[in-house]
Amino acid sequence: MGFKSDIEIAQECEMKPITEIAATAGIDDKYLEQYGKYKAKIDYNLLKDTDAENGKLILVTAINPTPAGEGKTTTSVGLADGLKKIGKNVMVALREPSLGPVFGVKGGAAGGGYAQVVPMEDINLHFTGDFHAIGAANNLLAAMIDNHIFQGNALNIDPRKITWRRCVDMNDRQLRNVVDGLGGRTNGTPREDGYDITVASEIMAVLCLASDINDLKARLSRIIIGYTYGKPSEQKPVTAGDLNAQGAMAALLKDALKPNLVQTLEGTPAIVHGGPFANIAHGCNSVTATKMCLKLADYTVTEAGFGADLGAEKFLDIKCRMAGLKPNAVVIVATVRALKYNGGVPKAELNSENLEALEKGLPNLLKHVSNITNVYKLPCVVAINEFPTDTQAEVDLVEKKCKELGVNVVLSQVWAKGGEGGVALAEEIVRLCEQPNDSFTFSYELEGSIEEKLDQIVKKVYGGKGVVLTANAKKQAKQLEDLGFGNCPICVAKTQYSLTDDEKKLGAPTDFEVTVRNLKVSAGAGFIVALTGEIMTMPGLPKVPAAEKIDVDENGKITGLF
């Protein structure tokens with residue numbers, strides 16, 4: 001039998017009707033809004049109507065990503081199926097994929113092999129239209145800003161100080177910086193503008209952190225879109241609420257706020273909702289989705305984007321802080337191949353045993369493990385996502401080094417075996433969840449200056465010697481503190497490929513500084529974004545985009561998605 005692609009495996013799956021999945025999860029039919037036979041939205045009022053106690057929360061994170069691959073989503077799905085295999089009532093909560101990367105560098109993002117959420121094609125493409133609604137709300141606000149200026153500018157908005165950009169859910173570098181409003185007075189006021197990818201829109205973060213429709217409207221109204229004319233000391237922030245935009249934006253988002261119910265290949269209920277990137281936003285699925293799973297299941301498996309220095313740090317320091325959540329256990333996913341890559345082995349040579357390179361690359365994993373156990377004080381297990389080329393000697397070395405830190409290592413075979421390949425990991429998770437986790441703490445306290453909080457993240461989480469703010473960033477920090485935003489949590493935007501702000505520094509470097517070049521407040525989301533390095537909020541397509549391999553036949557069957 002030949003090798004099957006992820007999409008072929010998904011298309012061979014016999015999905016259960018979504019009403020059956022809802023019944024398995026204990027969701028009353030009155031809360032279910034079907035989008036066809038295999039997808040549904042769940043009314044967020046379910047949370048208000050239930051008095052069920054929360055189940056256990058398991059966070060899946062990883063080492064810094066490499067071209068060798070790690071497999072967080074695959075592990076998350078396989079772990080949920082593994083927990084189901086051993087008789088646990090479980091749900092998995094994941095982010096929605098962004099269209100841009102689906103057609104760009106990686107194809108689909110709904111898991112892999114026999115550990116996937118389905119319908120995979122729908123989830124990876126338009127799904128239930130959430131991202132389109134977010135893009136529409138974002139661009140409605142942009143249109144209202146420029147219309148306000150065109151109609152006389154009663155709010156005295158300085159077009160050079162507008163911070164709100166338009167967005168589109170596609171990798172399109174051509175739109176990063178544009179000049180619009182050309183063509184004469186009736187076509188608007190000319191100004192410099194730009195586009196972000198939809199997942200980088202603050203509205204995505206707002207949607208994922210909002211607790212209900214009223215909280216959504218309140219957060220939307222607080223979004224700062226720019227500043228007024230005047231000397232720096234006289235400039236005042238202008239909000240979406242000043243433009244009376246929040247009501248119309250919320251109307252566009254009312255259905256997007258409802259979490260989406262789907263299933264794994266093995267029929268485990270899955271909620272897939274929201275999708276902020278973890279290198280430019282907080283990188284987690286919606287608070288509503290996570291809380292819903294916690295009420296419906298005894299075990300909730302969720303993931304945070306990229307490595308633990310980005311996704312897990314923001315999940316713990318931002319999402320858990322805002323939503324009052326506390327994980328019971330953490331899974332750190334790694335592959336032997338990725339660790340050897342961190343140890344200096346070229347991608348083409350990763351299939352050969354190389355214990356020396358593996359030992360050189362292991363500090364990256366060990367730093368992430370130490371962060372979870374020593375900084376955040378949470379129980380942790382390392383999941384080695386198995387590849388056929390892994391040798392026993394390599395797996396034994398990873399296990400030996402992790403045990404020196406008091407952390408167990410479990411071989412995960414979920415890609416090839418689905419839930420059966422996740423049973424060992426599931427059993428270790430159940431063991432960890434029975435341990436007390438009263439020691440959970442954040443990596444920094446909200447009190448103190450913006451620079452002090454950044455310094456704590458760099459020292460504790462990245463392992464560096466401190467943060468450096470450019471002159472421009474120092475001015476911005478003072479302005480934000482003067483405006484009353486000094487006690488907001490920090491969302492660091494940096495490369496996902498390294499613990500530093502230099503993507504070429506692999507492993508676990510020390511004695512480095514992280515330079516913050518720009519600070520801005522996401523007042524609706526409730527955090528300050530610190531931009532480091534050359535972070536792009538609008539990716540481009542690679543030389544050979546994944547889109548070139550995607551097709552659909554006369555029967556509507558999609559090929560090449562993953």
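This is a predicted model: local features need pLDDT of at least 70, side-chain atom pairs count only at pLDDT 80 or more; totals for chains, interfaces and linings use all residues.
Two strands count as paired if DSSP finds at least two bridges between them. Strand S20 (residues 466-469) and strand S22 (residues 513-522) are joined by four bridges and run in the parallel sense. With strand S23 (residues 527-532), S22 pairs in the antiparallel sense over six bridges. One of the pairings to look for is Ser522, whose bridge partner in S23 is Phe527. S22 and S23 form a hairpin with four residues between the strands, and in this hairpin Gly526 takes a positive phi near 95°.

Now put the strands together. They belong to an open sheet of four strands in the order S20-S22-S23-S21, with mixed pairing. At the edges sit S20 and strand S21 (490-493), each of which pairs on one side only. On average, neighbouring strands of this sheet are turned by 40° against each other, direction ignored. Helix H19 (residues 471-482) packs on the sheet and touches S20, S22 and S23. The direction of H19 makes about 40° with that of S22. As a reminder of what holds such an arrangement together, strands of a sheet pair through backbone hydrogen bonds, either parallel or antiparallel.

Which residues is Leu454 in contact with, once its neighbours within four places in sequence are left aside? They are Val467, Leu469, Ile490, Val492, Val516, Leu519 and Ala530. Leu454 also belongs to the largest nonpolar core, which has 116 residues. Within that core, the residues that touch the most other members are Leu141, Ile223, Leu253, Leu365, Leu454 and Leu519. There is a second, separate core too, with 44 residues, including Ala80, Val117, Ile123 and Cys433.

Let's move to another sheet. This one is open, has three strands in the order S7-S12-S13, and its pairing is antiparallel. The edge strands are strand S7 (157-162) and strand S13 (237-239), each pairing on one side only. From one strand to the next, the twist averages 50°.

Is strand S12 mostly covered or mostly open? Mostly covered: five of its five residues are buried. S12 spans residues 224-228 and is joined to S13 by three bridges, the two running antiparallel. On the other pairing, two bridges join S7 to S12, again antiparallel. Gly226 is a handy landmark here. Gly226 is the bridge partner in S12 of Ile162, and Gly226 also stands opposite Val238 in S13. Close by in the numbering, Tyr227 has Pro237 as its bridge partner in S13.

Is Arg185 buried or exposed? Arg185 has a relative accessible area of 63%, and anything over 50% counts as exposed, so Arg185 is exposed. Look for Phe150 as well: Arg185 and Phe150 are 35 residues apart along the chain, and their C-alpha atoms are separated by 8.6 Å.

Finally, step back to the whole protein. Its secondary structure comes to 19 helices and 25 strands. Along its principal axes, the C-alpha trace spans about 70 × 55 × 50 Å. How does the radius of gyration fit with a compact globule? A compact globule of 562 residues would have a radius of gyration near 24 Å, and the protein has 23 Å, so the two agree. Of the 562 residues, 59% count as buried. The accessible surface comes to about 22100 Å², and 49% of that belongs to carbon and sulfur atoms. Contacts across the sequence tell a further part of the story: among those between residues at least 6 apart, 75% join residues at least 24 apart.

Technical notes:
Residues are numbered from 1 along each chain as its sequence is written. Side-chain values use heavy atoms; hydrogens and water are left out. Axes are lines fitted to C-alpha atoms, for helices over the stretch in contact, and angles run from 0 to 180 degrees between N-to-C directions. The radius of gyration is taken over C-alpha atoms; the globule rule is 2.2 Å times the number of residues to the power 0.38. Buried means under 20% relative accessible area, exposed over 50%, partly exposed in between (1.4 Å probe, protein chains only). Contact means heavy atoms within 4.5 Å. Accessible areas come from the Shrake-Rupley method with a 1.4 Å probe; for residues, only the protein chains shown count as cover. A nonpolar core is a set of buried Ala, Val, Leu, Ile, Met, Phe, Trp, Tyr and Cys residues joined through side-chain atoms within 4.5 Å.
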